[in-house]
Amino acid sequence: MADRNQRITFARSPKGLPVPEDFGADETPIPTPGPGQFLSRTVYLSLDPYYRNVMKNSPIYADRLAPGDVMVGETVAQVVESRHADYAPGDYIAVRNGWQQYALSSGQGVRRLDPLIAPVSTALGVLGMPGLTGWAGTVHLGQPLPGETVVVSACTGPVGSTAGQVARHMGARVVGIAGSAEKCDYAVRELGFTACVNHKDGDLAAALKAACPRGIDLYFDNVGGATLQAVIANLAMGARIVLCGMIEAYSMDSPPPGPWLGPVVGARATMKGLVVYDHMHRMAEMERVVSGWIREGSFRYREDVAEGLASAPAAFCTLMRGQNFGKALVRVGPERA
Ligand code: NDP
């Protein structure tokens, strides 16, 4: 075990897209657990788009950051020292250690992981909060019927790839939207989608019309903006839209003008807002079904792993520019110490 704790700190609120200078770095002594606490070492740090909103101290999140604070975030960690009755050295857990190598916990909000179910890194992606988002938004809000056309944006990320593959398992015809030919190829070849449209490749509304000749019955929206507008132009009668994420707007100071909603009226469509924290009680249901699909080979996922805690700021900036390909993670330490 190292004798110092490396940390990445919050330096300032980004102006527009984040840059590495918005973060700082320091080191502290490794803390010692008190009664009822345990110390864990971070193995994987999750990079999630919502951190950008936390960095502007958005009131919708409980986290508050002041300059010099360690950056908040979800991690997979291994217990190294324990004075807690339920956790022993060697246990793998999902815990909010933040952007640092070591942290203390009282066990609150901690999820125990079984490395035999799936690789532990998936607890931050398709078998964690992002996967639950895709699962709950599809199974419980969107409710696609067999044969319906489902469109998913950011379709190769952990939320989108889960939403799309769940819809495919429910019998829907799935069309992805992604930001490169390589991502689109992966969506069709590996994720089993019927088609995938590159939103950087010309007229998106026309490309969606060609890929969805009977219109779009369900749209799982991860990005908002011009993509949402192009989908709204292609809605089928009685369509549903699950509003999940608006990543482009996270780096703007004020919200962009809304899309033209006239076609929503014409299609008698329904729009529903999705907040994953309303669905935490469904985590075990999602984990059971999706991990079964992973083991039988009918559900694929991809990870985009940066090496070492020091690479976290640059990797987060890459994510916020849409240049990640798969769940954005940082390997902070080896899986086995
Ligand atoms: P991803 O790994 O999918 O990464 C984000 C992707 O968004 C990029 O790779 C990129 O994919 C796409 N993108 C499109 N436009 C932009 C843009 N202007 N700037 C940056 N990226 C863009 O992320 P997640 O799967 O973790 O999250 C997907 C969405 O779900 C996010 O908006 C997130 O905030 C939201 N979310 C919402 C939750 C809720 O409770 N409602 C919970 C969890 C996540 P491409 O190149 O293919 O376009």
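Here is a short chat about the core and the ligand site of this predicted model.

Visitor: Let's begin with the core. Which residues of the largest nonpolar core touch the most other members?

Guide: The general idea is that nonpolar side chains tend to be buried together in soluble globular proteins. Here the largest nonpolar core has 39 residues, and Leu 45, Leu 47, Met 71, Trp 99, Val 290 and Phe 316 touch the most other members. Elements giving two or more residues to this core include β1 (4-10), α2 (129-142), α9 (283-296) and α10 (312-320).

Visitor: Okay, and where does this core lie relative to domain 1 and domain 2?

Guide: Between them, because domain 1 (4-118 + 302-331) and domain 2 (129-278) both give residues to this core.

Visitor: On to the ligand. Which residues come nearest?

Guide: Lys 183, His 199, Leu 274, Val 276 and Asn 324 do, out of 27 residues around the ligand. By class, that shell has 16 nonpolar, eight polar and three charged residues. Domain 1 and domain 2 each put in at least three residues. As for elements, α7 gives the largest share, three residues, while α2, α3 (158-169) and α10 are among those supplying at least two each.

Visitor: What lies 2.7 Å from an oxygen atom of the ligand?

Guide: That's a polar side-chain atom of Tyr 250. With Asn 222 you're looking at a backbone N or O atom, 2.9 Å from a ligand oxygen. Val 159 also uses a backbone N or O atom, at 3.0 Å from an oxygen of the ligand.

Visitor: How much of the ligand's accessible area does the protein cover?

Guide: On its own the ligand has 920 Å² of accessible area, and the protein covers 88% of that.

Technical notes:
Residues are numbered from 1 along each chain as its sequence is written. This is a predicted model: local features need pLDDT of at least 70, side-chain atom pairs count only at pLDDT 80 or more; totals for chains, interfaces and linings use all residues. Side-chain values use heavy atoms; hydrogens and water are left out. A nonpolar core is a set of buried Ala, Val, Leu, Ile, Met, Phe, Trp, Tyr and Cys residues joined through side-chain atoms within 4.5 Å. Buried means under 20% relative accessible area, exposed over 50%, partly exposed in between (1.4 Å probe, protein chains only). Helices (H or I, at least four residues) and strands (E, at least two) are DSSP runs, numbered from the N terminus. Domain bounds come from an automatic or database domain assignment. A residue is near a molecule or strand if one of its heavy atoms lies within 4 Å of it. A polar contact is a pair of N or O atoms within 3.5 Å; within protein, one must be able to donate a hydrogen and the other to accept it, and residues adjacent in sequence count only if both atoms are side-chain atoms. Accessible areas come from the Shrake-Rupley method with a 1.4 Å probe; for residues, only the protein chains shown count as cover. Ala, Val, Leu, Ile, Met, Phe, Trp, Tyr, Cys and Pro count as nonpolar, Asp, Glu, Lys and Arg as charged, and the others, Gly among them, as polar.
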